Amino acid sequence: MNSIQGSVFRQDNACPHTAVVTQHVPQSVDMPPWSARSSDLSPIEHVWDIIGRQLQRHPQPALTVPVLTDQVQQALNSIPQIDIRHLYDTRHARLHACIQNFGGYIGY
C-alpha cells in the first residue's frame with residue numbers, strides 16, 4: 001500500500017468497510033479516534049439541511065413521491081453555487097475544528 005503523507009481517513013462503518021478483508025487497511029493508516037458520522041464533516045449533510053429547510057417552507061406539502069422528487073430537485077437547483085463552493089472550501093477548517101475539539105461539536 002502506498003503511503004499518503006498528511007492524509008486523514010475516516011471509517012463510516014458501512015457494510016463494505018466492515019468486511020474482514022477491509023479491516024486490514026485501517027491498521028496501516030492513522031484513523032481519527034471518533035465516529036466518522038459527524039454531519040459537520042460532510043458537505044452533503046449541509047446541502048440536505050438546506051433542502052429540508054426549503055421543503056418545510058414550501059406552501060404545498062408533497063403528498064406523492066413524484067411531487068416530493070420535484071420539490072427536492074427545485075430546492076437543490078435553487079441553492080446558489082457559491083454556497084456549495086463554500087461548503088467545499090471550508091472542509092479543511094471543519095476537519096481541523098473537529099480535531100481540535102477531539103471529535104466533539106464544532107458548530108458548523
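The reply below begins with the basis of the values and then turns to the charged pairs and their surroundings.

Analyst: This is a predicted model, in which local features need pLDDT of at least 70 and side-chain atom pairs count only at pLDDT 80 or more, whereas totals for chains, interfaces and linings use all residues. Residues are numbered from 1 along each chain as its sequence is written, and side-chain values use heavy atoms, with hydrogens and water left out.

The chain comes to 4 helices and 0 strands, in the order α-α-α-α along the sequence. Helices (H or I, at least four residues) and strands (E, at least two) are DSSP runs, numbered from the N terminus.

The charged pairs come first. Side chains of opposite charge can pair when their charged atoms come close. A salt bridge is a side-chain nitrogen of Lys or Arg within 4 Å of a carboxyl oxygen of Asp or Glu, and the count by this rule is 2. One of them joins Asp49 to Arg53, with the closest N and O atoms 2.9 Å apart. Because these two residues are 4 apart in helix H1, about one helical turn separates Asp49 from Arg53. Asp49 is partly exposed at 42% relative accessibility, and Arg53 is partly exposed at 40%. Here buried means under 20% relative accessible area, exposed over 50%, and partly exposed in between (1.4 Å probe, protein chains only).

A salt bridge also links Arg85 and Asp89, whose closest N and O atoms are 3.2 Å apart. Arg85 and Asp89 are 4 residues apart in helix H3 (residues 81-89), so they too are separated by about one helical turn. Arg85 is partly exposed at 48% relative accessibility, as is Asp89 at 45%.

A further charged side chain meets a ring: Arg91 lies over the face of Tyr88, at 3.9 Å from the ring centre. For this, NZ of Lys or CZ of Arg must be within 6 Å of the ring centre and within 35 degrees of the ring normal.

Of the 108 residues of the chain, 19% count as buried. The largest nonpolar core has 6 residues, namely Val47, Ile51, Val72, Ala75, Ile79 and Leu87. Helices H1 (43-56) and H2 each supply at least two residues of this core. Such a core is a set of buried Ala, Val, Leu, Ile, Met, Phe, Trp, Tyr and Cys residues joined through side-chain atoms within 4.5 Å. Setting aside residues up to four places away in sequence, Leu87 touches Pro43, His46, Val47 and Arg94, where contact means heavy atoms within 4.5 Å.

Helix H2 (residues 65-78) also holds Gln71, which is buried with a relative accessible area of 8%. A polar atom of the Gln71 side chain lies 2.8 Å from the backbone oxygen of Gln60. Beyond its neighbours within four places in sequence, Gln71 is in contact with Leu55, His58, Gln60, Pro61 and Ala62.

In helix H4 (residues 91-100) lies Ala97, a buried residue with a relative accessible area of 18%. Ala97 and Leu41 are 56 residues apart in sequence, yet their C-alpha atoms are 9.7 Å apart in space. Across the chain, 55% of contacts between residues at least 6 apart in sequence join residues at least 24 apart.

Technical notes: Polar contact = N/O pair within 3.5 Å; in protein donor to acceptor, adjacent residues only side chain to side chain.
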